[in-house]
Amino acid sequence: LPPEHRHTQLFMTSYGCPYNCTFCGNQQLREVGQYVKLKRDVDCCIKELKYMKDTLGMKNVLFVDDILTLDKKWLMEFLPKYREQIGCSFASFGHVNCLHEEEVAEMAKSGCQTMWFGIQSGCPVHRKDILDRPETNDQIIKVGAWVKKYGIKLMVDHICGLPYESDITHELTQQLYET
């Protein structure tokens, strides 16, 4: 690992996602009856993170949950404890349908440096009809603005080469990502 990432630890507080995106492993697991959704206890996560910080010298955390922001009550209990007892910068995956401005503010206050959203395409028709993604461009823009407002770096997951892509769909995507 590069020197700046040597003290970054991957960590999961949950597993599973309620959405049924056509390209995702969770959707495939549902099809074969193997889908599982798990959520860990806040205090158990804090205890394990504290151990990692104290014994491994952890300075940064990448939360690799499908959607760290899925459970607002859990998140709003977790973040103050994380801030007080761990205090490391972190990055996470979020979803525009599972995030409110107060959560973004609390994440920034707690050390969130980067948040990833799976957008996959700026074309609403591609997202809805091909990828089975429920969010609208207006939702993406609104939540993206909150993330930027609180100084969190916004990253998007994009899929290139979707069926029926054209210059117009590429322009829609570019316009969305530039907003």
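A cavity here is a set of grid points where a 1.4 Å probe fits but cannot get out. With that in mind, the predicted model was searched as a whole, and one cavity of 30 Å³ or more turned up. The space in this largest cavity comes to about 30 Å³.

So much for its volume; the next point is what surrounds it. Ser121, His158, Glu165, Thr169, His170 and Thr173 make up the lining of the largest cavity. Helix H7, which runs over residues 167–178, supplies the largest share of that lining, with three residues. Sorted by class, the lining of the largest cavity holds five polar residues and one charged residue, and no nonpolar ones.

Then there are the open spaces. The largest pocket takes up about 330 Å³. Its lining draws on 20 residues, and those that lie nearest the centre of the pocket are Cys24, Asp66, Ile67, Gly118 and Arg133. Two or more lining residues come from each of two elements, strand E5 (89–94) and strand E6 (112–120). Strand E6 gives the most to the lining of the largest pocket, at four residues.

In the lining of the largest pocket, 10 residues are nonpolar, six are polar and four are charged.

Key: Residues numbered from 1 in each chain as written. Predicted model: local features only at pLDDT ≥ 70, side-chain atom pairs only at ≥ 80, totals over all residues. Heavy atoms only, no water. 1 Å grid on protein atoms, 1.4 Å probe; cavity = no way out; pocket = protein on both sides within 12 Å on 5 of 7 lines; lining within 4 Å. Points joined across faces, edges and corners; volume = space filled by probe spheres on them. Nonpolar A, V, L, I, M, F, W, Y, C, P; charged D, E, K, R; others polar.
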